[in-house]
Structures are given as C-alpha cells and as structure tokens.
Amino acid sequence: MTSLAHRYLAQATVRPHWLSPSTFWYLRTSASSDNAKEFLFVDAETSSRRPAFDHANLAADLAKHTGQDVNPSSLPFSWIELDPNAAAVRFRCMETVFQYQDGEGKLEVWEGDFGTKLEPIASDAVSENGGQETGLTVINKTTSAAKVYWINSEGEAFEYATVQAGGETRLGTYAGHVWRVESDDGKSAVYRAVEGEGFIVVDMEGWKVSEEQIEATQDRAIFVRDGDVWIRDDDGEHQITTSASGGRYDADRAFVSPDGRFATVWQFTPEEGYTLNLVESTPKDQLQPKLKTRTYLKPGDKMRVDRPRMFEMQGKKEIPTESTLFQNPYSMKDIGWSKDGEEYRFEYSERGQKNLRIIGMNRQGAVRAIVDESSDTFIDYFQKSYWAVSPDDTELLWTSERDGWNHLYLYDFKTGKVKAQVTKGEWVVKKVEKVDWTTRQIWLTVCGIIPNQDPYYEHLVRVNLDSTEMTILTSGDGNHTSTWSPDNRYLIDSWSRVDQLPITVLREASSGAEIVALEADATPDLLAEGWVPPEIFTAPGRDNETPIHGIIVPPQDFDSSKTYPIIEDIYAGPHDFFTPKSFTPELSEHEVTARGFVLVKLDGMGTNWRSKAFHDVCHKNLKDGGIPDRISWIKAAAATRPWMHLARLGIYGGSAGGQNAAAALIFHGDFYKAAAADCGCHDNRLDKLWWNEQWMGWPVEESYAANSNVVHAKQLTGKLLLTVGELDDNVDPASTLQLVKALNEAEKDYEMLLMPGKGHGAGDSEYGRRRRWEFFGRWLGGGRSRG
C-alpha cells in the first residue's frame with residue numbers, strides 16, 4: 001500500500017520546466033501499475049494543456065530507427081528539450097540524442113548540444129541531497145585524459161570515471177550533486193548537476209585553476225591585521241586600534257561608507273562555552289575507545305559579543321559611539337550604510353530574546369533605535385524575524401507580533417515611524433515571497449486567513465504596501481504551495497490535505513484567477529484501491545475553547561468490534577508545528593499502525609504559527625509540551641470512537657520529543673501508561689544555548705529546574721524506555737544519563753538502551769525502532785475484542 005500511495009502522489013505532482021515566460025512542459029507519471037508516462041505542454045497565453053508531441057508517432061519512428069519495440073505510453077527517456085511552441089523535441093535514448101519534428105513526423109540524430117551547459121562553481125562546494133535523478137555528460141576537448149570525481153556532502157572526493165582525450169562520458173547523478181573534473185597537470189574545475197540533462201565541456205580555455213583566496217582586506221583602505229584596525233593611504237599604513245582594549249576586530253566585518261570617508265569595523269570578544277566530551281567506545285579503526293571533543297554552548301555560557309565601531313578615514317581616528325542600545329547581544333547582523341552615507345545600520349537581538357532592534361549609527365557617533373521591538377515573554381527571532389529595505393533606502397518592511405499575531409509593518413527609515421500596518425487580522429504572515437517596490441505590492445504566504453479551514457493551511461495573498469486591496473490568490477481547502485513563472489506573471493498552485501491528493505492549477509499571479517487545470521483530485525481512485533486515509537480531528541484544548549488540530553490513523557486490518565492501544569507521536573518544539581497538513585503517503589502505512597496501534601499526532605499550545613498567546617504557553621514552561629491540550633483532545637476522540645482504548649495509551653518522541661515523552665509520564669502519569677524517549681533534552685540546562693534560551697530565557701534561573709525531568713524524576717509512574725547514542729553531539733547524552741541517575745536514586749524502574757557508535761536519533765535506527773515497538777507491545781498489548 002505504501003508504494004500505491006507514492007505512485008498516486010507522483011502522478012499528482014507537477015514539476016514545471018519553463019520554456020518561455022508563459023510556456024512549460026512537465027512529465028506526468030501514471031499511478032497505474034504499468035507506470036505509463038506522458039510529456040505535457042502548457043501554454044498560459046492560450047489557457048491550454050496538451051501532449052507535448054505525438055507520443056505514438058514518435059514511438060513508431062524511434063522503433064524503426066533502433067530496431068527495438070518502443071511503447072508510446074512508456075517512452076525510454078524522462079527528460080526532453082522542447083522549443084517554446086512545442087514544434088520540436090530532443091531527447092537521449094540508447095546513448096544517442098534525437099530530434100523529432102512533431103508536425104512533420106521527422107526523427108533524426110541530433111549532433112548539437114543537449115541539456116544545460118554547466119559552468120564552474122566554487123572549488124569548496126559540496127553535494128546537496130534530495131534532488132531529482134538526472135544525467136551529466138563530460139565532453140573532453142583537450143589532448144589529454146581527464147578524471148571525474150564525485151564530491152559528497154562532507155567534501156570527500158571519489159573517483160568515478162576517466163574521460164579520454166576527444167571522448168565523452170555520461171554519468172548518472174542527482175540534481176544538486178557536485179563533480180570535479182581534473183587534468184593530468186592538476187588543473188581542475190568544479191560543477192553542480194542540475195535537474196534534467198547537463199553537460200560539461202572541458203577545453204584549454206575552460207579549466208578554472210583553483211586559487212588561494214585573496215585576503216579580503218588587502219585592497220581596502222581600512223583593514224584588520226592581527227586583530228587591530230589599520231588604515232592605508234598615500235603615506236603608508238597606520239595602526240588605529242590596540243586590540244588589547246575591548247577585544248579583537250573582525251576582518252570580515254569592515255564596512256566602508258559609499259563615499260569612502262567613514263567605515264565601521266566590528267570588534268568582538270570570543271565565546272567561552274562548555275566543552276562537550278564524547279567517548280566513542282567502538283571506533284572502526286582501533287580497539288581502544290576514542291575521545292571526541294567540541295565546543296558546545298549551553299544556557300548561561302559566555303557568548304561571542306560583537307560591537308560595531310565607527311572610524312573616520314581621513315582623520316585616521318575612531319569616532320566615539322554609545323553602546324547602551326546593544327550591550328548584551330545574542331546576535332547582530334549587518335544591514336549596511338544608508339545610500340547617502342550618513343548612517344550605518346545593523347540588526348541587534350538581545351540575549352534572552354525579549355528585545356529586537358534595528359539600530360542606526362551616524363557619522364557623528366549618535367546612535368538611535370530605528371525599530372525597537374520588545375516582548376514580556378520572547379520574540380521568535382529564528383522563525384519570524386524579517387526585514388527588507390526599499391531600493392531608495394527610505395522604507396523598511398518589518399514583521400512583528402505586537403498586536404498578538406505575526407504581521408507586516410512598513411516603516412519610514414528616516415524617522416523610525418510606522419507608515420502602515422500592511423497586514424492585520426487573526427491570522428499570521430508566515431513568509432514574504434516577493435516585494436515589488438515599483439508597483440507597491442507584496443506577495444505573502446499566510447496561515448489561518450480562510451475561515452473554517454485548518455489555521456495551519458498556507459495560502460498565498462497579495463496586498464498593497466499601504467495595506468489596501470488584499471487579494472487571496474489561492475483557493476481550495478488544503479495546504480497550498482506555489483511556484484512562479486520566470487517573469488512572476490503566473491503561479492502553479494498545488495494544494496492537498498493528509499486525506500486528499502494534490503490538486504494543481506495554473507493561476508494569474510496578480511489576481512489568482514485560474515487559467516488552466518493541470519492535475520485533478522485523484523483521491524477517489526486511490527480510495528477505490530483500498531487506501532485508508534488518516535482522519536482529521538479537531539477538539540477543544542485545556543481551556544474548552546481553543547481548537548486543537550490533529551490526525552488519527554487507525555490500525556491496519558481495523559475491526560471496529562475490537563479495542564486498540566493508542567500511540568501518540570510527539571514533538572512539541574516551540575519553533576514550529578508538527579502535524580502533517582499536506583498529503584503524506586507514509587501516514588496510513590506507518591509502522592505504528594502496522595503493529596496494531598492507533599496513531600495520533602497533534603499540536604498543543606506552546607507550538608508555533610498561531611496567535612502569540614497560543615505560542616507564549618511555552619515560555620519558561622517547556623515541561624508543558626501542550627500535554628494538557630493533548631489529553632483533552634485524545635479524550636474527545638475516544639469518546640466517540642469506542643475502539644480507542646484510553647487505558648492503553650503510549651507516547652514516543654526524540655530530542656525535544658524525547659523530553660516531552662518522558663515528561664508525559666513524570667507530570668501526567670495518571671493518563672499516559674508507557675513512553676519511549678529517545679535522546680531527550682531532559683534538563684534544558686544541559687542542551688544547546690540557542691534553542692533553550694529562546695524559550696526558557698536568560699539568565700538561567702529557577703524555571704530551568706522547575707521544568708527538568710531530572711529534578712522531578714521521582715514523580716515517574718508508568719513504563720519508560722530510554723534510548724540514547726553515545727556520540728550524540730546535538731543533545732548531550734549526559735541529559736539522558738542524569739535522568740537515569742535520578743531514577744536510580746528514586747528507585748524507579750525503567751528500561752535503558754545505550755547505543756555505542758550512534759549519534760542523535762539513535763532510537764530511530766532499525767534496531768532502536770524494533771526495540772521501541774517490542775516495548776509498547778509488551779506493555780500495551782494489541783487489538784482485543786470488545787464485549
């Protein structure tokens with residue numbers, strides 16, 4: 001059944017290959033067992049979708065040319081080059097490139113280039129995973145052999161082929177993968193494969209010799225040497241600072257004003273963090289264990305502290321500036337000099353995540369807060385921080401939750417005053433897609449804007465920068481994704497739900513008007529073949545008012561006359577929400593349901609992308625994990641589904657989800673009966689600084705202990721399985737081991753799986769998962785007849 005759902009998803013997926021601003025082709029693969037495929041041509045100007053060429057005629061001509069049978073519904077190629085009017089198509093078959101004139105029915109061997117010519121990229125590039133399968137041809141036009149190496153995601157090189165002088169070789173690869181071509185005398189060039197066919201031409205002019213990077217400050221009038229600021233002029237080089245006072249200067253953060261008269265150079269004091277020591281007990285290359293160490297900042301550790309300083313170039317001196325507005329940084333980012341060179345600007349996020357500012361520093365040394373954002377709880381710096389400066393340098397776009405929802409504001413950059421609240425309402429801006437400063441319009445991905453739909457569903461809207469004429473461009477009850485045409489005139493809009501396959505249409509980007517349907521809803525066909533969809537379920541949370549959204553997946557071979565144990569898959573990290581919203585084939589064939597459990601997954605209060613009040617529940621309260629909402633939701637679900645057996649409820653999760661799973665038994669053991677917690681951050685003082693200080697605050701105080709599974713281990717009831725990898729450098733393994741010690745001291749029973757040689761997520765290894773399901777089967781049982 002898994003492969004069936006995947007086939008239907010592949011059939012519904014549209015990957016456009018644009019030929020012109022208004023035309024594109026895509027490959028449609030049928031969900032039928034014969035894997036039939038069709039190349040389709042779409043023309044936005046004529047609102048048409050049709051076959052890209054006559055598949056039957058091409059197949060017949062190709063069969064004559066090759067002497068082999070060719071099925072027109074399963075042509076032996078998956079990539080084509082098509083002209084904008086679809087009059088001619090080129091393709092590779094049996095190592096030969098052909099061109100077919102569709103109107104004339106003429107097939108011939110093509111001697112020209114085929115695919116995208118790749119240009120050299122940075123020599124230190126590494127492969128990116130997840131791209132589409134594709135091909136790469138290396139054409140050697142030099143007089144000596146060339147070796148071809150694949151570069152993996154870690155930067156390691158593996159020799160794959162040798163291309164002889166005057167020859168060519170085609171390699172199978174994936175879009176995003178990196179390849180290096182190298183000559184006998186050490187010259188080399190690096191290339192990244194693209195979707196569809198690509199080719200590399202190696203000739204005497206084409207080699208790009210790897211060179212040492214030129215020191216960035218070498219040609220600057222102001223530069224950093226040995227941690228101090230120097231200025232170079234006609235009289236020579238002049239040292240301006242002494243780094244012994246206030247820290248060293250950063251050579252990569254020297255910014256000169258447009259007229260060259262002033263500059264800012266950032267000074268810093270380095271971080272001083274915890275050293276994480278990991279013992280690899282079973283290394284592959286030796287018998288004895290190895291010690292691995294790395295710097296790992298934890299809550300309360302000393303962070304790097306930056307401080308921009310202003311310098312006058314002609315006077316060769318520093319201009320004193322006041323640092324009151326940026327004394328305790330978590331992070332600082334360069335925005336740059338104003339166009340007139342009168343002010344230098346940067347973003348400042350204060351440690352503790354309660355203050356976020358855009359700061360200006362003028363030539364006289366005066367410092368001002370252009371934007372000053374504050375919160376009594378936290379500012380979601382990592383997910384919702386956004387700014388954009390207008391081309392004329394007079395306006396600033398800024399996101400804020402100041403009215404209780406994440407919205408967009410337009411500032412006057414000169415005065416620091418709000419000109420307009422661009423968006424407003426009980427919904428959130430999730431992403432700024434495109435800003436057109438000329439037409440004064442902006443395109444946004446938003447959540448919760450359609451009444452009576454799941455508030456997490458994403459839609460695309462267009463609005464004027466003065467907040468007028470908002471247009472919702474996407475329609476359809478589901479989660480929307482959009483891709484743009486090259487000139488941004490058109491949108492390919494696709495939407496789906498966990499219980500519905502994608503529907504895809506072509507729209508006008510300005511109005512959202514539908515131009516042509518591309519792929520219809522094939523869910524009825526999938527259901528007819530026996531697919532059982534997840535059930536979308538909504539119920540009030542702990543306050544009996546706020547809707548909580550989740551899904552229920554019944555066990556395979558479901559029998560309503562029986563009762564089944566329930567397993568909750570939990571991850572309640574406040575940085576996002578985690579219940580799938582789009583069609584996800586694996587859900588209905590999840591290994592949980594394959595073992596006779598009911599799977600539930602939902603997002604309680606404290607998770608992201610709803611109101612600020614909804615999110616604030618997590619503040620200094622990570623032990624909560626939205627579990628009170630989960631309890632209300634699961635009770636409501638079971639109240640109308642007698643086959644859900646509340647007395648046999650388990651929960652599992654990893655990382656923050658591991659913390660949540662163990663917390664369910666420690667703080668809510670009257671409801672949850674068994675938990676499997678993998679690599680959990682059981683005490684937030686033991687985990688990484690950036691994630692935990694965002695939600696738990698700074699400085700570290702008593703709330704950290706109040707939220708600790710370790711501190712409250714004596715409250716554990718129920719059955720607990722702990723798993724951890726000894727080489728976990730994401731969440732310190734000590735977090736799990738300190739919980740183990742606390743459980744031992746409290747004389748609490750539990751099960752423990754320590755996995756040598758494994759890192760973060762060890763419990764999700766094949767062996768770890770087998771042990772997890774065996775654990776739940778032992779303590780929760782399987783399906784039982786009622787009555």
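The side chains of Glu373 and Ser400 are joined by a polar contact of 2.5 Å, a polar contact being a pair of N or O atoms within 3.5 Å, where within protein one must be able to donate a hydrogen and the other to accept it, and residues adjacent in sequence count only if both atoms are side-chain atoms. The model is predicted, so that local features need pLDDT of at least 70 and side-chain atom pairs count only at pLDDT 80 or more, while totals for chains, interfaces and linings use all residues. Residues are numbered from 1 along each chain as its sequence is written, and side-chain values use heavy atoms, with hydrogens and water left out.

A polar contact of 2.5 Å also links the side chains of Glu373 and Arg402. Glu373 belongs to strand E29 (residues 367-374); strands are DSSP runs (E, at least two residues) numbered from the N terminus. With a relative accessible area of 7%, Glu373 is buried (under 20% relative accessible area, 1.4 Å probe, protein chains only). Residues in contact with Glu373 (heavy atoms within 4.5 Å), not counting those up to four places away in sequence, include Lys354, Leu356 and Trp398.

Strand E3 (residues 37-43) is largely enclosed by the rest of the structure, because six of its seven residues are buried. Strand E2 (residues 23-29) pairs with E3 in the antiparallel sense over seven bridges, pairing requiring at least two DSSP bridges between two strands. Phe41 in E3 is the bridge partner of Trp25. E3 also pairs antiparallel with strand E4 (residues 48-51), over four bridges, and Asp43 stands opposite Ser48 in E4. Four residues separate E3 and E4 in a hairpin, and Ser47 in the turn has a positive phi of about 55 degrees.

Technical notes
Buried means under 20% relative accessible area, exposed over 50%, partly exposed in between (1.4 Å probe, protein chains only).
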